[in-house]
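Here's a quick briefing to get you started. Have a look at the sequence and the structure first, then read on.

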Amino acid sequence: MPLEIVPYGSPILRRQSELVTEITDVILVLIDDMIQTMNLYQGIGLAAPQVGRSIMLFLINWDLIDEEKSGIQAYINPKILEIGDETEKQDEGCLSLPEVWAPVRRHESIRVQYTDIEGKIVEEDLSGMPSRVFQHEFDHLLGILFIDRISTSERKRIRDILRAIMDGEITTYDEIEDIAQPNSEPQTI
C-alpha cells in the first residue's frame, strides 16, 4: 500500500537512522510499500525516513537513471566506502520538498556497500546520475537534506517555498488519495 511522504519540517527527516538488524517480513512489506509509493509519486529514489521510518533503507529506480540496469533496488544499511576526486553541480529535487529545485555539488564517482533483500553484502562502483542519487538518498539516512548542501544565495531564493511547505501551504501531492498514514512511532525492526 502506498505511504504518505513526510514533508520538510518533520523532525524524522533530521534524525540519524538506525541500522536494520534483520531483514524481516516487516522490512519486506515496507520495501514493497515504498516501491508502490515511489511509483505513485514517480520518484527516482525514496528513503525510509521520507515515509516515517527511521531505518537505514532506501530505494533507487534504475529504470529512470540508467540504461544498463533496470528495476527498483533496495539498499539496506548502505555505506559510502570511497569517493572520487571529481565533483559536479546539478539541480536536485526531493519528494519531501515539493516545488524545490537547487544546484547541489556531489562526487562524480563513489564506491558503495549495502545489503540486498536476500541479506547478501554487495559492493558496487557508481558514477554519474547513479552516484548522485545514491548520495542524495544516503544523506536522508543521516538526517541531511539536499538543501543543506546548497549555497546561501540559493537558500535565500527558496526560503519562502520552504516556509510554505512547513506551513502546509505547499503539500506533497495532495491530489493522490488512498495513501496510508505512517505510524507516529517508528517501528522496531
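**A quick tour**

Let's begin with Glu99, which counts as exposed because its relative accessible area is 56%, over the 50% mark. Keep in mind that this is a predicted model.

- Glu99 sits in strand E5, which covers residues 97-107.
- You'll find Asn77 in strand E3, residues 72-83.
- Asn77 is buried: its relative accessible area is 17%, and the cut-off for buried is under 20%.

**Leu162 and its surroundings**
- Leu162 belongs to helix H3, which runs over residues 152-166.
- Setting aside neighbours within four places in sequence, Leu162 touches Tyr8, Leu97, Val100 and Ile147.
- Ser109 is another story: it is 53 residues from Leu162 in sequence, and their C-alpha atoms are 30 Å apart.

**The cavity**
- How many cavities of 30 Å³ or more does the structure hold? There is 1.
- The largest cavity has a volume of about 40 Å³.
- Its lining is made up of Glu88, Arg106, His107, Glu108, Gly128 and Arg132.
- Sorted by class, that lining has 4 charged residues, 2 polar ones and no nonpolar ones.

Technical notes:
Residues are numbered from 1 along each chain as its sequence is written. This is a predicted model: local features need pLDDT of at least 70, side-chain atom pairs count only at pLDDT 80 or more; totals for chains, interfaces and linings use all residues. Side-chain values use heavy atoms; hydrogens and water are left out. Helices (H or I, at least four residues) and strands (E, at least two) are DSSP runs, numbered from the N terminus. Contact means heavy atoms within 4.5 Å. On a 1 Å grid over the protein atoms alone, a cavity is a set of points where a 1.4 Å probe fits but cannot get out, and a pocket is an open set with protein on both sides within 12 Å along at least five of seven lines; lining residues have an atom within 4 Å of a point. Grid points are joined across faces, edges and corners, and a volume is the space filled by probe spheres set on the points. Ala, Val, Leu, Ile, Met, Phe, Trp, Tyr, Cys and Pro count as nonpolar, Asp, Glu, Lys and Arg as charged, and the others, Gly among them, as polar. Buried means under 20% relative accessible area, exposed over 50%, partly exposed in between (1.4 Å probe, protein chains only).
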